[in-house]
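Subject: Handing over a structure

Hello,

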Amino acid sequence: MTSESPSASSEQLAVYIAKDLTTRYHRSVVITSPTSLILTRDATLQDYQSILERLSTEDTRLEYVDSMIKFLVGDLLSQGEGVFGEDYACVFGVQLKWTLPTIHNIMRVAIQIPPDLRRINLSHRFYCDIAGAGFDRKALQEFIDLADTYKREGRYKWRKEVLRKVTEVKVRELLYPLPEDERERWLAIWTENGSPNWRKLQGWMNGTIKTPITPCGVSDFVLRKLDQRLTEEVFSKMTYNDCRQLMADVMVDIAKAV
């Protein structure tokens, strides 16, 4: 294995694992390639269980290595910018084959997640999810500790469960500064559309994502438009023609809405 040939090293690792399985479990499986095998008729249940345990262990090991590498790369890049200035980017597309957004995301996560809060058993994808939430150190630690606990407890959907709690906190933060009627309106839109990730609600609110249409009955729509255009003070001074024009305007609004 050589540092100049990372893809070959990955292939050699796959071949090594395949050969090792063939040697250890030759009576139960035939490895036809690093990506396929055949379970023989003479296979034992013990070998079947042992092989799957081995493969699961290898998968977990690779996940840990991925999390470690992404953090180390992020640390190098973020610190390299301070040491080498613009020259730090000379590795983009040469030593690092990731796309530019991926590289910047790796840097962002390394900057926003303090080293002492990182847990190698949690996926780097999870850290990407919480890095952009703008949490202070205390909140970050609480969510990382919760994820660590859930995963060690064997919860299969640990990441989804923690991110649901993250979204609940962020939604409250986004809605808190708004007037009550606006807060209720956005909360209703968020809830009626399946309570998605907080980033989607943020996009709806700042206009970067098109807000979904909320179905509304005709009578409710007419009343809403009348409330917008008409106050009790104005109504007391309206003439017959004013009322006719108002209803015409509302009908136009209905047509546009449709």
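Below is what turned up, grouped by topic.

First, some ground rules. This is a predicted model, in which local features need pLDDT of at least 70 and side-chain atom pairs count only at pLDDT 80 or more, while totals for chains, interfaces and linings use all residues. Residues are numbered from 1 along each chain as its sequence is written, and side-chain values use heavy atoms, with hydrogens and water left out.

Let me begin with the salt bridges. Side chains of opposite charge can pair when their charged atoms come close. The structure holds 16 salt bridges (a side-chain nitrogen of Lys or Arg within 4 Å of a carboxyl oxygen of Asp or Glu). One of them joins Arg54 to Asp20, with 2.6 Å between the closest N and O atoms. Arg54 sits in helix H2 (residues 45–84) and Asp20 in helix H1 (residues 6–24), so this pair ties together parts that are 34 residues apart in sequence. Helices here are DSSP runs of H or I with at least four residues, strands are runs of E with at least two, and both are numbered from the N terminus. Arg54 and Asp20 are both buried (under 20% relative accessible area; exposed means over 50%, and partly exposed lies in between, with a 1.4 Å probe and protein chains only). Both residues also belong to a network of salt bridges that links Asp20, Arg24, Arg54, Glu58 and Arg61.

Asp66 is partly exposed at 33% relative accessibility, whereas Lys70 is buried at 16%. Elsewhere, Arg155 meets Glu161 in a salt bridge of 2.8 Å, N to O. Arg155 is partly exposed at 33%, and Glu161 is partly exposed at 22%.

Next come the surface patches. A patch is made of residues with over 30% relative accessible area and no salt bridge, joining like charges within 9 Å, or nonpolar side chains (Val, Leu, Ile, Met, Phe, Trp, Tyr) within 5 Å. Accessible areas come from the Shrake-Rupley method with a 1.4 Å probe, and for residues only the protein chains shown count as cover.

Which residues form the nonpolar patch? They are Leu37, Leu39, Leu45, Tyr48, Leu52 and Leu55, with about 570 Å² of accessible area together. Strand S2 (36–39) and H2 are the elements that give two or more residues to this patch, and H2 has the largest share, with 4 residues. Leu52, in helix H2, is partly exposed at 45%.

A patch of positive charge gathers Lys157, Lys160, Arg164 and Lys165 on the surface. Lys and Arg count as positive, Asp and Glu as negative, and His and the chain ends are not counted; a charge is placed at NZ of Lys, CZ of Arg, CG of Asp or CD of Glu. Lys165 lies in helix H6 (residues 158–175) and is partly exposed at 36%.

Finally, the cysteines. With a disulfide taken as a pair of cysteine sulfur atoms within 2.5 Å, the count is 0 disulfides. Cys90 is exposed at 53%, while Cys128 is buried at 18%.
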